[in-house]
Amino acid sequence: MKTFLFPVLLILSGCATSSGVMPSGKDTYILLKRDAGIAGSLGALKVDAYREATQFCESKGKAFQVISSNGTPRAVGNIPEIEIQFACIDSATSVPVQQSK
């Protein structure tokens with residue numbers, strides 16, 4: 001049974017790839033993530049990309065702020081991918097998120 005589960009889990013885990021964080025200007029960066037696995041979804045990629053970008057900014061002692069994002073959902077002939085452009089800003093200048101009631 002274990003022999004059967006390993007290949008199934010390997011296939012379902014997907015083939016997510018990341019460009020890594022690439023500079024695109026002063027304190028601005030781009031990150032691209034793709035998932036060619038059969039279970040990859042745009043939502044999961046977005047969460048992973050935001051998490052990676054947040055960790056990158058926090059490692060610099062700064063806060064993560066999205067400038068733009070562009071995603072392609074899974075479709076016939078397309079694999080899901082997300083590209084985010086973001087800035088690492090001083091925590092004191094970050095805009096607080098409004099909580100809905």
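Is Lys62 buried, partly exposed or exposed, and what is its relative accessibility? Lys62 counts as partly exposed because its relative accessibility is 23%, where buried means under 20% relative accessible area, exposed means over 50%, and partly exposed lies in between, with a 1.4 Å probe and protein chains only.

## The model and its confidence

This is a predicted model, in which local features need pLDDT of at least 70 and side-chain atom pairs count only at pLDDT 80 or more, while totals for chains, interfaces and linings use all residues. Residues are numbered from 1 along each chain as its sequence is written, and side-chain values use heavy atoms, with hydrogens and water left out.

The pLDDT, which is the predictor's confidence in each residue on a scale from 0 to 100, averages 80 over the protein chain, and 74% of the residues score at least 70. Among the elements of the chain, helix α1 (residues 2–12) has the lowest mean pLDDT, at 45, whereas β5 has the highest, at 95; helices (H or I, at least four residues) and strands (E, at least two) are here DSSP runs, numbered from the N terminus. Over residues 4–13 the pLDDT is below 50, and this stretch has 3 contacts in the model beyond near neighbours in sequence, a contact being heavy atoms within 4.5 Å.

## Salt bridges around Lys62

A salt bridge is counted when a side-chain nitrogen of Lys or Arg lies within 4 Å of a carboxyl oxygen of Asp or Glu, and by this rule there are 6 salt bridges. One of them joins the side chains of Asp27 and Lys62, with 3.9 Å from N to O. This pair links distant parts of the chain, with Asp27 in the loop between β2 (22–25) and β3 (28–35) and Lys62 in the loop between α2 (42–59) and β4 (63–72), 35 residues apart. Asp27 is partly exposed, its relative accessible area being 28%.

Lys62 also meets the side chain of Asp90 in a salt bridge, at 3.8 Å from N to O. Here too distant parts of the chain are linked, since Lys62 sits in the loop between α2 and β4 and Asp90 in the segment after β5 (81–89), 28 residues apart. Asp90 is partly exposed, with a relative accessible area of 44%. Salt bridges that share partners join Lys26, Asp27, Lys62 and Asp90 into one network.

## Helix α2

Within helix α2, Asp48 and Arg51 lie 3 residues apart, which is about one turn of the helix, and the two form a salt bridge whose closest N and O atoms are 3.2 Å apart. Asp48 is partly exposed, with a relative accessible area of 33%, and Arg51 is partly exposed as well, with 45%.

Lys46 also lies in helix α2, and its relative accessibility of 36% makes it partly exposed. Not counting residues up to four places away in sequence, Lys46 touches Ser69 and Ile82. The C-alpha atoms of Lys46 and Arg34, which are 12 residues apart along the chain, are separated by 9.8 Å.

A pair of aromatic rings is described by the distance of the centres and the angle of the planes. Rings of Phe, Tyr and Trp (its six-membered ring) pair if their centres lie within 6.5 Å, and planes under 30 degrees apart count as stacked, those over 60 as edge-to-face and the rest as tilted. By this rule the count comes to 5 aromatic pairs. The rings of Tyr29 and Phe56 form an edge-to-face pair, because their centres are 4.8 Å apart and their planes stand at 70 degrees. Tyr29 lies in strand β3 and Phe56 in helix α2, so this pair ties together parts that are 27 residues apart in sequence. Tyr29 counts as buried at 10% relative accessibility, whereas Phe56 counts as partly exposed at 22%.

The rings of Phe56 and Phe86 are likewise edge-to-face, because their centres lie 6.4 Å apart and their planes are at 80 degrees. This pair links Phe56 in helix α2 with Phe86 in strand β5, 30 residues apart, and Phe86 is buried, with a relative accessible area of 0%. Ring pairs link Tyr29, Tyr50, Phe56, Phe64 and Phe86 into a cluster. Phe86 is also among the contacts of Thr28, which, leaving aside neighbours within four places in sequence, include Met22, Pro23, Ile67 and Ala87 as well. Thr28 is placed in strand β3 and counts as buried, at 15% relative accessibility.
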